[in-house]
Amino acid sequence: MGHAAAEAAVRAGLTLVPFSYGGPTESGRAVDVGGVQVTLVHPDEKLDVLHRVREEYPGTVMVDYTLPSVVNGNATFYSENSVPFVMGTTGGDRDKIMREATESGVYAVIAPNMGKQIVALQTMLELMAAQFPGCLSGYTLRVVESHQATKADASGTAIANIHSFQRMGLEFDLSNIELVREAAEQIGRMQVPEDALNGHAFHTYTVTSPDGSVTLEFKHNVVGRRVYAEGTVDAALFLASKIGEGAEKRLYNMVDVLSGGNMRS
Ligand SMILES: NC(=O)C1=CN([C@@H]2O[C@H](COP(=O)(O)OP(=O)(O)OC[C@H]3O[C@@H](n4cnc5c(N)ncnc54)[C@H](OP(=O)(O)O)[C@@H]3O)[C@@H](O)[C@H]2O)C=CC1
Ligand SMILES: O=C(O)C1=N[C@H](C(=O)O)C[C@H](O)C1
């Protein structure tokens, strides 16, 4: 995702900082992103490179697409060092991320899904929950999500949407999300195109009445990564404008970006 977001930034005509934090395995290597040679920085050199980037690229917004296992360490680093950030990475201790960002006063957009159309659906569910709390009381919920086999955690988007369903009265334990990570099941059960096995996000939420006479189904299926990459650029532009105007509110999500009319397409 980091690569896709960087490509989208270049496509949008933004200056791509030619450094990227990476895992320890590939540090030192340069990667071509739309003609920009981006050097992968070892975790031990993060602070040195940050100082350099601050001098050479003032106004930089950090974009984080890493792993649930490192998301908290990264978020702490951005908060402690006042690095404005767009956090697309899911998992980890989300309350801690939000708490540290709030306390530090860093500008940030934090969201489990940057795809504007998916965020619109997410917003619709939030509005439905706010407008009709308890409207699905007594009904049951089934959630199935399929992602590339490398995805380490349950879908952050599904978790966000489940919170809305819970406010509508549905009882659901997050451990009951059905995770599909195997190719045969992805193709057979979820109908994921074979060429999307390495990058897809298929979600289905099925709500059923106690007697089975009413069924609601919500589905969002995404093939590839482009929709998130473009939304990430929207989020970075949004954050830059908030920093520019010295906005009092500093912590945002993608619903804020969408509501602010900051989607380019
Ligand atoms: N908000 C959204 O719209 C979206 C969110 N996501 C989420 O983004 C996250 C990343 O997804 P995806 O790109 O598919 O995952 P990948 O596994 O493809 O990429 C993760 C990358 O993080 C790097 N990495 C590991 N440790 C560190 C570290 N300490 N500092 C910096 N980089 C590190 C890895 O490098 P190496 O291989 O060298 O270890 C790897 O390149 C997931 O949580 C996913 O769910 C994904 C799509 C959309
Ligand atoms: O890892 C992914 O691919 C995705 N992760 C996000 C999530 O966990 O919700 C967003 C989308 O589902 C793609």
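View 1. The shell around ligand 2 is made up of two nonpolar residues, six polar residues and one charged residue, in a model that is predicted. The residues that surround ligand 2 are Thr90, Pro112, Asn113, His147, Lys151, Ser155, Gly156, Thr157 and Ala201. Ligand 2 lies between domain 1 (2-114 + 227-259) and domain 2 (116-224), because both domains give residues to its shell.

**View 2. The two domains of the protein chain and the contacts between them.** The protein chain is divided into domain 1, which takes in residues 2-114 together with 227-259, and domain 2, which covers residues 116-224. Taken over C-alpha atoms, the centres of domain 1 and domain 2 are separated by 27 Å. Where the domains touch, twelve residues of domain 1 are in contact with 15 residues of domain 2. On the side of domain 1 that touches domain 2, the elements giving two or more residues are α8 and α9 (254-259). By class, this side of domain 1 has seven nonpolar residues, four polar residues and one charged residue.

**View 3. Helix α8 and the glycine that follows.** Helix α8 spans residues 226-244 and has 19 residues. From its first C-alpha to its last, helix α8 reaches 27 Å, which is close to the 27 Å expected at 1.5 Å a residue. Helix α8 is also one of the elements that give two or more residues to the side of domain 1 touching domain 2. After α8 comes glycine 246, whose phi is positive, near 65°.

Technical notes:
Residues are numbered from 1 along each chain as its sequence is written. Chains are lettered from A and ligands numbered from 1 in the order in which they are written. This is a predicted model: local features need pLDDT of at least 70, side-chain atom pairs count only at pLDDT 80 or more; totals for chains, interfaces and linings use all residues. Helices (H or I, at least four residues) and strands (E, at least two) are DSSP runs, numbered from the N terminus. The expected span of a helix is 1.5 Å times one less than its number of residues. A residue is near a molecule or strand if its C-beta atom, placed from the backbone, lies within 6 Å of it. Ala, Val, Leu, Ile, Met, Phe, Trp, Tyr, Cys and Pro count as nonpolar, Asp, Glu, Lys and Arg as charged, and the others, Gly among them, as polar. Domain bounds come from an automatic or database domain assignment. Two residues are in contact if their C-beta atoms, placed from the backbone, lie within 7 Å.
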